[in-house]
Structures are given as structure tokens and as C-alpha cells.
Amino acid sequence: MSGRVLSALSLLAVAACSDGSPSVSGREPVPQQPQSAAACFARLDRIQGLKYRRLDPHVEGQCGYENAVLLLDIGVPVAGLKAVSCPVAESLYRWVHEGVRPAARDHFGSDVVRIQSYGTYACRTRNSQPGARLSEHARANAVDIASFTLANGRTVAVKSGWRGPGDEQSFLRAAHRAGCARFNIVIGPDGDAFHQDHFHLDMGRGPYCR
């Protein structure tokens, strides 16, 4: 890797420590240890049914990523995925299989067969607001989830279901809680006006669950 790319990625890592992610812990971010990426990829390699392709480091102005992957298969199709960090890939897989699918079977008696994402990596500020700090999406460290399609053909969308029919409310709140147990930051419709139609899940500085 060229010195220019290394330098840019180093600046990116420093900037990411103050990306403005909400926090209730008051803790300072802990610098990633050199072995963390290798350990994460080792865990991914041990997950049966998860297939991915490692991506080359990418720099785009103040945005970019390293140690990111493109998820090829996690056992349930997820539309709209682009680059995600290794920790997001691992947490997404575990959330879907340990949280979302069991919740769907409990509340609907049907499994989840498709998930719609609003995206992962995007070089933008938080909530795309002018002058705001960089989003975790700008580091491929976040994923937005909009809806879940069940084996019986029913689709449960965050926008209509969060305050919709009782079974959809219960399922979505269970999925939200499961996300909070696996991601550092989770924001849903109760969080703010920008998240009325999706769950934002990221591995930035937390914990924060709203």
C-alpha cells in the first residue's frame, strides 16, 4: 500500500474517533489493537453459511474503509448491501440468525426469507445534514434495515409496523432489542425524525440504544 493511502487512512481513523455518534457511556473510544482485524476475520471464517469477499482499502476524501468485506451470503438474502466493516458483518449475521429469525417465528409462526437494507457504505455526514460530522456509514461501519419479508409472503416494514398492528410492533421491538445486544449503536423510530423508516445499526462508539 502506498504511503499516501496509509497516511489518508490514518487521518480517517483519527477523525472517526470524534464522529459525533451518540453515547450514554461516557467512555473514551478504545484504539483498535493490531490483532483485532485478524481476529475478526478468523471469527467470520468459522461461521458456517457466511460467505464474503474481502475488499481492498478505499479512500474517498475524508471517507473510506479498510478491513471491509462484501457479504455474498449470510443465509438470508439482504438487498442493498455494499461494503461493511468486518465487525458489522459479524454482528449482522448474528443479529439475523440469533435475533430476527427467532423473533419472526415467535410472533408470526413464519421465518424471515428476505431483508431489505437501505445501504451500508456511503460517504456522507450524519443523517446527510450539511455541516454535521461524518456518519459511521462513511467508514462502512453501519447498516440501515428497512423491512423483513416472511416465508408466508408478508412484509413487515419499520415505517408502517413500528406503530402498526400489534404483532408487527412486538416483532420489530424484539428485533430492535436484539440489535442493541449485538451492535454498539442502534437507532429506530423512537430515536429521532431521521429514523422513522429504518433501523440504523453500527459499531461506532457506544453503547446507545434508542
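## Salt bridges, cores and a buried loop residue

A search of the whole structure finds 11 salt bridges, a salt bridge being a side-chain nitrogen of Lys or Arg within 4 Å of a carboxyl oxygen of Asp or Glu. The model is predicted, so local features need pLDDT of at least 70 and side-chain atom pairs count only at pLDDT 80 or more, while totals for chains, interfaces and linings use all residues. Residues are numbered from 1 along each chain as its sequence is written, and side-chain values use heavy atoms, with hydrogens and water left out.

Side chains of opposite charge can pair when their charged atoms come close. Asp-167 forms such a salt bridge with Arg-154, with 3.0 Å between the closest N and O atoms. Asp-167 lies in helix H5 and Arg-154 in the loop between E8 and strand E9 (155–157), so this pair ties together parts that are 13 residues apart in sequence. Helices (H or I, at least four residues) and strands (E, at least two) are DSSP runs, numbered from the N terminus. Asp-167 is partly exposed, at 29% relative accessible area, and Arg-154 is partly exposed at 28%; buried means under 20% relative accessible area, exposed over 50%, and partly exposed in between (1.4 Å probe, protein chains only).

Another salt bridge joins Arg-163 and Asp-190, whose closest N and O atoms are 3.3 Å apart. Arg-163 lies in the loop between helix H4 (158–161) and H5, and Asp-190 in the loop between strand E10 (185–187) and E11, so the pair ties together parts that are 27 residues apart in sequence. Arg-163 counts as exposed at 52% relative accessibility, whereas Asp-190 is partly exposed at 35%. Salt bridges that share partners also join Arg-43, Glu-90, Arg-94, Glu-98 and Arg-182 into one network.

Glu-90, a member of that network, is found in helix H3 and is buried, with a relative accessible area of 11%. Not counting residues up to four places away in sequence, Glu-90 touches Cys-40, Arg-43, Leu-44 and Ile-47, where contact means heavy atoms within 4.5 Å.

A nonpolar core is a set of buried Ala, Val, Leu, Ile, Met, Phe, Trp, Tyr and Cys residues joined through side-chain atoms within 4.5 Å. The largest one has 42 residues, of which Leu-44, Leu-71, Leu-92, Trp-95, Phe-148, Phe-171 and Phe-199 touch the most other members. Elements that give two or more residues to this core include helix H2 (36–46), helix H3 (86–108) and strand E11 (199–202). H3 gives the most, with 11 residues. A second, separate core of eight residues includes Leu-55, Cys-63, Ala-68 and Ala-138.

Asn-141 counts as buried at 8% relative accessibility. Asn-141 and Asp-202 are 61 residues apart in sequence, yet 5.7 Å apart in space, C-alpha to C-alpha. The side chain of Asn-141 also makes a polar contact with the side chain of Ser-85 (2.8 Å). A polar contact is a pair of N or O atoms within 3.5 Å; within protein, one must be able to donate a hydrogen and the other to accept it, and residues adjacent in sequence count only if both atoms are side-chain atoms. Leaving aside neighbours within four places in sequence, the contacts of Asn-141 include Val-88, Glu-136 and Leu-201. Glu-136 is buried at 3% relative accessibility, and its side chain meets that of Arg-139 in a salt bridge (2.6 Å, N to O). Arg-139 counts as partly exposed, at 25%.
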